[in-house]
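This report looks at side-chain packing in one protein chain. It covers a loop residue, aromatic pairs, charges over rings and nonpolar cores.

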Amino acid sequence: MVTNRTIAPYYTLLILILLMGAPSAAFAHIPCVAAADGTPVADSLHSDSLHSDSAVVDSAALSGAAEPKKKRNFFVRLLRAFDDTDPDYIVPNYYNYTVMAQNTNFFQLYRIKASDAQGNSQTLEMAPEPSFKVGPYFGWRWLFLGYTFDVANHGGVAKSQEMSLSLYSSMIGVDLVYVKNDGQFTIRRARGFGDDVARAVEGSKFSGIDSYTSSVNVYYVFNHRRFSYPAAYAQSTVQRRSQGSWVLGLCYSHNRMEMDYRRLPSALITPIDNEGHTPLIDEMKVERTDYKSYTISGGYAYNWVFAPKWLFSISATPAFGLRHSKGERMNTDDLWVSMKRFNFDFIGRVGLVWNNSKYFAGLSAVTHIYDYKKEGYSLSNMVNYVNVYVGFMFARKSQYRHR
């Protein structure tokens, strides 16, 4: 059934924090966003404790002995380093609380393509029902909670679940994706079957797919002191001047798709001759694809401040690495000479934001593409999120009250 409650990603985040057992103050310096609904999690670049390093002098100092400066906890110093930024380029968040309304749209597309020995090529594009969610959010520093309603489902029952959680800090970012579909798909496009067959099947419903996608992407932003992902996708900072950065990351994904081609529209599977040939070639009749990939991602991101308070952000990070299919034996003898085992994925982001440090509005889109190829057959899985939001912040932090 559809997971209309988007509070689940935040419970996941809280559980992770409790399990790690880190001081809550340390996590208060990681701006993040739960992208299942594109929820920005605002936080300040500095807290009251940032100014606690001044030398402490007691009565012993009057006699020439000064008390040694206390060292911060290693994890506190490390997490604060994640948001070490150049104030000439990045403005921190001045407020404790945020209220926001958001619309989140989820859209997934599968593209299956195959060719036979005679050179005939066919393509089918199929998509589950998209989701259209709206709801309110309330945030305190780094923690954001909200509830959204799937207005596109109109109270019906669908057999799909999806969740996306993105954590943004200036230095490090994390993307988590989970999608499961075993409901009704729509055939969006059919190519290589002839015009008559294409017209007959495009727009048809198909309930013969059971699919699963999960992935984790962790990346490092090289120019993190002057370039801010949170400014574009979490609204927890403001990019003051245009700047870009190279991005390097590690990705893991698991994709599975089972397709009962016998349930496709009759125009695709009805025999057209006495030998039993169907319009759908045999190379398209792959009933199960199940693989894991381990990749290194690298790309470039750019924040363009084209007018005061306005920001346009775009980034592209292709990923290249090793794929392992279920039931496939890894052979080190041909591992580095066979391109059949290598995998190419892609993550893209684009955002447009207006933010005057108190009020903000904008839209963002994040796309994950998982690509599988073998001789004569390919499967592409595209997972897309689009968010539109508007909100404001209030209750200035004590260190910014006189600004």
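## A buried loop residue

The model is predicted. Ser 357 sits in the loop that joins strand 18 (342–355) to strand 19 (359–374). Its relative accessibility is 15%, so Ser 357 counts as buried, the cut-off being under 20%.

Leaving out residues up to four places away in sequence, Ser 357 touches Val 91, Tyr 94, Tyr 95, Val 238 and Met 393.

## Aromatic pairs

The whole structure contains 23 aromatic pairs. One of them joins Tyr 252 and Tyr 294, whose ring centres are 5.5 Å apart; the planes meet at 45°, so the pair is tilted. Tyr 252 belongs to strand 15 (residues 243–259) and Tyr 294 to strand 16 (residues 288–307), so this pair ties together parts that lie 42 residues apart in sequence.

Tyr 291 and Tyr 372 make another tilted pair, with 4.9 Å from centre to centre and 35° between the planes. Tyr 291 lies in strand 16 and Tyr 372 in strand 19, so here the parts tied together are 81 residues apart in sequence. Tyr 291 is buried at 3% relative accessibility, and Tyr 372 is buried with a relative accessible area of 9%.

## An aromatic cluster and charges over rings

Tyr 97, Phe 138, Tyr 359, Phe 392 and Phe 394 form one aromatic cluster. Tyr 359 also has a charged residue over its face: Lys 358, at 5.6 Å from the ring centre.

In soluble globular proteins, nonpolar side chains tend to be buried together. The largest nonpolar core here has 33 residues, and Ile 112, Leu 124, Met 126 and Met 259 touch the most other members. At least two residues of this core come from each of strand 4 (95–115), strand 5 (121–128), strand 10 (172–181), strand 11 (185–191), helix 5 (195–201), strand 15, strand 19 and strand 20 (377–396). Beyond its neighbours within four places in sequence, Met 126 is in contact with residues including Leu 109, Ile 112, Phe 185, Ile 187, Phe 206, Ile 209 and Met 259. Its contacts also include Tyr 110, Thr 186 and Arg 188.

A second, separate core has 14 residues, among them Tyr 168, Val 221, Tyr 229 and Val 366.

Notes:
Residues are numbered from 1 along each chain as its sequence is written. This is a predicted model: local features need pLDDT of at least 70, side-chain atom pairs count only at pLDDT 80 or more; totals for chains, interfaces and linings use all residues. Side-chain values use heavy atoms; hydrogens and water are left out. Helices (H or I, at least four residues) and strands (E, at least two) are DSSP runs, numbered from the N terminus. Buried means under 20% relative accessible area, exposed over 50%, partly exposed in between (1.4 Å probe, protein chains only). Contact means heavy atoms within 4.5 Å. Rings of Phe, Tyr and Trp (its six-membered ring) pair if their centres lie within 6.5 Å; planes under 30 degrees apart count as stacked, over 60 as edge-to-face and the rest as tilted. A charge sits over a ring if NZ of Lys or CZ of Arg is within 6 Å of the ring centre and within 35 degrees of the ring normal. A nonpolar core is a set of buried Ala, Val, Leu, Ile, Met, Phe, Trp, Tyr and Cys residues joined through side-chain atoms within 4.5 Å.
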